[in-house]
Amino acid sequence: MNKNVVLYAGILIFGLAAPFIFPAFKVQLSILCVLIILAATWNIQGGEMGYNSFGNILFYGLGMYLCASVQVGMFFPLAEWTESGGEKTFVHTSAQFFQGMAVGLVVAAIVPTIVAGLIGYSILGLRGHYFAICTLGLGVAAGEISGGIEIIGAGQGFTTPPFPNIGGLEARGEFFYFLSFFALVLAFITIRAIYSTRFKLILNAIRDNEDKAEAMGIETMKYKIIGWMISAFFCGLAGGIMGGLVGYIDSTDVAFDGREMGVFMVLMAILGGKGTLWGPIIGATVFHIFKEGFWTFFLGWQYVALGILIVVIVIYFPEGIMGWLREKYPERFGEVVDEADRKAQVELK
Amino acid sequence: MDGILLGVLFALIAYGMALQWGVMNIINIAQGDLVILGGYIAYFMYLYGIHPAWGVIVSPIIMYFVGIGIYKLVINKVVDRDLFISILATFGISILFMQLMNFAFGADVVLATSGYGTTMLFDSNVVLPNSKIFSAVVSIVFAICLVIYMKKSKLGRAIRATAQNSRAAKILGVDTEKVYAATFGINAALCGVAGALISITFTIHPYMGLPYTIRSFMIVIVAGLGNLPGVAISGMGLGVFEEFADYILGTEFRIGSVFLLLVLILVYRRFKLSRKREYLK
């Protein structure tokens, strides 16, 4: 138990200090935080519940648009803002910016959760590959439709309010880093709390055999929806942060980017090992480093590399890094994972 | 009318998907990208001065080998694994193809002009480009040939046997590995035909693959596996729906409405089945 406290404290301190240790990579680090949130929350229903969704991008994009729209709409008419495009006629004061951001993030987290609850009953009745394809369709449809709506910029995109003019780029980077790091800590605590309760066991039961779980008297639908709603909450939050970070929202390239982000979150979770607490976190970190490397050194060929990467990961590492380590070094791995396992068990008792 | 002709093409693609889904239990997300690749083959023939209609013959031959190549490299490693793994793997192939085509052929929308005229029907109330009629006829011919081939030939029988029960087929001396490869090849060849026809009738673009995948998936789930008349009818239905959606909602919502329709169909079927406490398998 003591070791874990040290471990977590170490990670926390490192996380807090990271922007000062690597000042050049602040934006990258905040993106990493967002990616970890996405992968870890995908893992709730993808890894633990066995419902492989390509559609969490729906909540991510929804959160992104909502956060930005609320931030603008609270103070200025939204339609005129969109029309003015790049040339700003309205400028947020710093109080307005932070106020808008705070309300926007709350809305960005709550609304996707409600949406997930509403559509959950219909969508989650599908199983296996039908669920996967259905959610893929949802994500792409959302992107195509939002690309046709005028008030949020349609095909031209939507500019989020610029960061107020205090402290310049440095302050902006730090603000978004700590925002996303805070969200990550929140997500991690929530997920860890969930994983140490009966709820996780129910999700695993649904994954292993849903009919039997139902026969055992578990209201599977209720738990499936709750699981999906938790995912949606954090996806929306992550989307809202990412929208502010990128500064520009495009319907199919940034927000409902099923081709990139929607696949990334699945890939990261699988790469790290789905169905584990640490798997998605490790997976996201490794993936992000890889991706940035590809993007830098193979510019133009990044999608080719990405496609090959997906195929290779899926064929050769379907169990992910955690699973691979478990096979390769059972005794060493036993120590690492048992710690996580034992921790969960101790808390159960 | 436009919609029906379009639907015949969709049905051809969907039949390929139903074939490999039934036989190999794989959902190929790269289906649409194979179609587009087939289209580019026809387009290149057009660029070199050959009439693109010949692409209908050349492109399936090339695509057959492309299909077998993909099978040997990737698919045979995922064929008996979890379905989700195969979805992800083909998604990877799809992204790969998309980008390679983007490099090789550029990101422009292209069209191979066939030079066919138009036909007027009912006192010129209905105007039909001949290229569309041509493509519909060719698709029907190919579909009929394929059905006969599946019924009569030795390989066709082997494919059907594997679809019914792959283990039993293996015991009875069918080389399932070969059957899988051939199925994937035939599917790719069908995509090649459809792609060549699409490049004549409509436009092709490297990023247009995914909608074709979704359309064929939709047709297959509406019609059911191995139900060829159903595939044809639901293909035409989808074609008509799209034309109407295009007309009523506007072109920018066309693709979106297709994807939304997929979600609605799946949800509808889920509720219909859940009354009997069953689910889509």
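Buried means under 20% relative accessible area, exposed means over 50%, and partly exposed lies in between (1.4 Å probe, protein chains only). Keep that in mind for the views below. This is a predicted model, where local features need pLDDT of at least 70, side-chain atom pairs count only at pLDDT 80 or more, and totals for chains, interfaces and linings use all residues; side-chain values use heavy atoms, with hydrogens and water left out. Residues are numbered from 1 along each chain as its sequence is written, while chains are lettered from A and ligands numbered from 1 in the order in which they are written.

**View 1. Ser94(B) sits in helix H4 (residues 83–105) of chain B.** Helices (H or I, at least four residues) and strands (E, at least two) are DSSP runs, numbered from the N terminus. Ser94(B) counts as buried because its relative accessible area is 5%. Skip the residues up to four places away in sequence, and Ser94(B) touches Ile29(B), Ala30(B) and Asp33(B). Contact here means heavy atoms within 4.5 Å.

**View 2. Gly16(B) belongs to helix H1 (residues 2–24) of chain B.** With 0% relative accessibility, Gly16(B) is buried. Which residues is Gly16(B) in contact with, leaving aside neighbours within four places in sequence? They are Gln31(B), Asn187(B) and Leu190(B). Asn28(B) is twelve residues along the chain from Gly16(B), and their C-alpha atoms are 10.0 Å apart.

**View 3. The second largest pocket has a volume of about 830 Å³.** Rolling a probe the size of a water molecule over the atoms shows where empty space is left. On a 1 Å grid over the protein atoms alone, a pocket is an open set of points where a 1.4 Å probe fits, with protein on both sides within 12 Å along at least five of seven lines; lining residues have an atom within 4 Å of a point. Points are joined across faces, edges and corners, and the volume is the space filled by probe spheres set on them. Of the 26 lining residues, Phe14(A), Leu32(A), Ile36(A), Phe181(A) and Leu184(A) lie nearest the centre of the second largest pocket. H7(A) gives the largest share of this lining, seven residues.

**View 4. Chain A has 16 helices and two strands.** Its mean pLDDT (the predictor's confidence in each residue, from 0 to 100) is 77, and 81% of the residues in chain A reach 70 or more. Within chain A, confidence is highest in helix H10 (residues 220–246), at a mean of 86, and lowest in helix H16 (residues 330–348), at 54. Of the 349 residues in chain A, 56% are buried.
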